[in-house]
Amino acid sequence: MSFLDIDERLFTLIEHVTFDRSPFTDKKEVGECDIGLIEGGVCNAENVQILREFRQHCKILVALGACAINGGLPAQRNSIPLSSLLQAVYYSSPRLPHGGIPDDAELPLLLDKVHPIHEVVKVDYFIPGCPPSADAIWSVLRDLLAGRAPVLGHGMLHYD
Amino acid sequence: MSKTFTLDDKRIPFEDGQTILQAALAASVYIPHLCYHPDLEPHGSCKLCTVKVGGRQTAACTLRAAEGMAVESDTGEINAQRLALVQMLFVEGNHFCPSCEQSGDCRLQATAYQLGMLSPHFDHFFPNRPVDASHPDFLLDFNRCILCSLCVRASREVDGKNVFALAGRGLKTHLIVNAPSGKLGDTDFGGADKAAHVCPVGVILPKRRGFAVPIGERTFDKSSIADYVASRHGKRGGEK
C-alpha cells in the first residue's frame, strides 16, 4: 500500500517499467526481471520457494519494510514453540470449531521461526520502515532506474 | 581552559581530568555513544565512542584528554565500524521498533539513523527472555537490553538502591533484578529513581503511558541524535 502511496507518480513509473509477477498483475510465474521488491519475512515453505525464484530471476533484489529486513512483528512468534501456537489457535480458541490443525498437503508448512529474507537469499538493497514511506520507495526506484546506487536521505530513514 | 586537543578538524578545549568524550560534548561536538551518561561513571561497553588517537583505537569515554592530542572520530573507517557495532546490538536483541513504545525516543534507534543503518546485516539471535511486569508502575522487556548498565550504575551510584545487575558471561550476559525472586515488584524500585529514566532503549518502561507522543513530535523525529546531544551539552550545564 505504501508503494501505491506514490499516487500519481505511478503514471510516471508505468512509462518506464513493466510489471512482472506481482499482486497487481495476473502473472503466476516469475519472469526475468531487473528489480524484485520483496515485502514480508519468511514464515513458511512456500515463502522460501517463491523468494528463491525471485532471487533467481531478478538482477536486483530489494527487501522492502521491517518484516523482510528483520522478521518484523510476525517474528515475535519466534519465542513461542510452533506447536503451542497451532494448538492455541486451532484447538483451544473458544470461538472456533475444533477441526484440528489443518494438514492438507496444499497448505505450506510453517517454519519453526520467522526469518528476515537476507537469511535465505542475498539481498542487494534494503528500504526500512513499517512501512517505508512512499517517498522512500519512490526515491529508491528512481535511483535504480537512473542506474545509481540508492541512497535514503535524511528523513526517509525510519524503522517504525 | 588553555589546554586543547584536536578532534577531526576542530580544536577542543579541556580541563585536566576530562575525558575526550566529556570535552567534546562540553564543546557541543557529538561523538556517538550509548553507555555514557554525564552523571555516571564511564563504562566502556558499547564501544560506539571509539576514536583513533596516535593511530590506535580507544574509547573516548575513558581516555583522558591530553594537550596537543590528535583525535579522529568522524571518519568513514570509524563510522563503518560503529555501524557494525550498532547492527550487532540490533541482531542480539528483539528490536521490533514498529511496536516499541520507545520508538522515536530511543537512542539505539536514533544512533542507527545517524549512522545510516539500512539493515541489521547479521543473522538474528531472537532471544527469548520473559517480560517482568511484576512492578505496579514499570515493566521490563529484557529482549531489548543492550547491556549498557546505565540502570545498574544509576541505581547503585545515585539512588543507593542496587536494584539491577548484569549476570552471566559472554553471550549469556543479561540484566537481572537484585531480589530473591528476581522480580522488580519485590524491590524498592520507584518512578522517582534515576534508574527509571536512564535506559537508552525500551527495556524499562512506565506502565499505562505508551504511545503518548504523536509521531513527528518525538525526541528524534524533531532532531537527529547528533544535534540533540550537541545542543543539550556544552554551556547549558550538562545533559538531563
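Helices, of at least four residues, and strands, of at least two, are taken here as DSSP runs numbered from the N terminus. In these terms, chain A of this predicted model follows the pattern α-β-β-α-β-α-α-β-β-α when read along the sequence. Of the 160 residues in chain A, 38% are buried. Among the contacts in chain A with a sequence separation of 6 or more, 70% are made by residues 24 or more positions apart. The accessible surface of chain A amounts to about 9,400 Å², and carbon and sulfur atoms contribute 56% of that area.

Chain B contains 6 helices and 9 strands. The radius of gyration of chain B is 18 Å, close to the 18 Å given by the globule rule for 240 residues, so the chain is as compact as a globular protein of that length. The C-alpha trace of chain B extends over about 50 × 40 × 40 Å along its principal axes. Buried residues account for 51% of the 240 residues of chain B. For contacts in chain B with a separation of 6 or more, the share held by residues 24 or more positions apart is 63%. An accessible surface of about 11,300 Å² was computed for chain B, with 50% of it belonging to carbon and sulfur atoms.

Rolling a probe the size of a water molecule over the atoms shows where empty space is left. Helix α3 of chain A, residues 66-70, supplies the largest share of the lining, with 3 residues. By residue class, the lining comprises 10 nonpolar and 5 polar residues, and no charged ones.

B:S119 lies in the loop between α3 and β6 of chain B. With a relative accessible area of 5%, B:S119 falls under the 20% limit and is therefore buried. B:S119 and B:V229 are separated by 110 residues in sequence and by 24 Å in space, C-alpha to C-alpha. B:H95 is placed in the loop between α2 (76-92) and α3 of chain B. This histidine, B:H95, is buried, with a relative accessible area of 11%. Leaving aside neighbours within four places in sequence, B:H95 is in contact with A:N70, B:L89, B:F90, B:L108, B:R144 and B:I146. The C-alpha atoms of B:H95 and B:Q109 lie 8.9 Å apart, at a sequence separation of 14 residues.

Backbone geometry was also considered. In chain A, a cis peptide bond with omega of about 0° joins A:C130 and A:P131. A:P131 is found in the loop between β5 (125-127) and α5 of chain A. In chain B, B:H121 has a positive phi of about 65° although the residue is not a glycine. B:H121 is located in the loop between α3 (107-114) and β6 (138-140) of chain B, and B:S119 is likewise found between α3 and β6. B:L147, another residue other than glycine, has a positive phi near 60°. The position of B:L147 is in the loop between β6 and α4 (150-158) of chain B. B:L147 is partly exposed, with a relative accessible area of 25%.

In the segment of chain A after α5 (134-145), A:M156 was examined. Not counting residues up to four places away in sequence, A:M156 touches A:D135, A:A136 and A:S139. A:M156 and A:H16 are 140 residues apart in sequence, with a C-alpha to C-alpha distance of 23 Å.

Definitions and conventions
Residues numbered from 1 in each chain as written. Chains lettered and ligands numbered in written order. Predicted model: local features only at pLDDT ≥ 70, side-chain atom pairs only at ≥ 80, totals over all residues. Heavy atoms only, no water. Contact = heavy atoms within 4.5 Å. Nonpolar A, V, L, I, M, F, W, Y, C, P; charged D, E, K, R; others polar. Rg over C-alpha atoms; globule rule 2.2 N^0.38 Å. Buried < 20%, exposed > 50% of the residue type's maximum accessible area, 1.4 Å probe, protein only. Areas by Shrake-Rupley, 256 points an atom, 1.4 Å probe, with all protein chains shown as cover.
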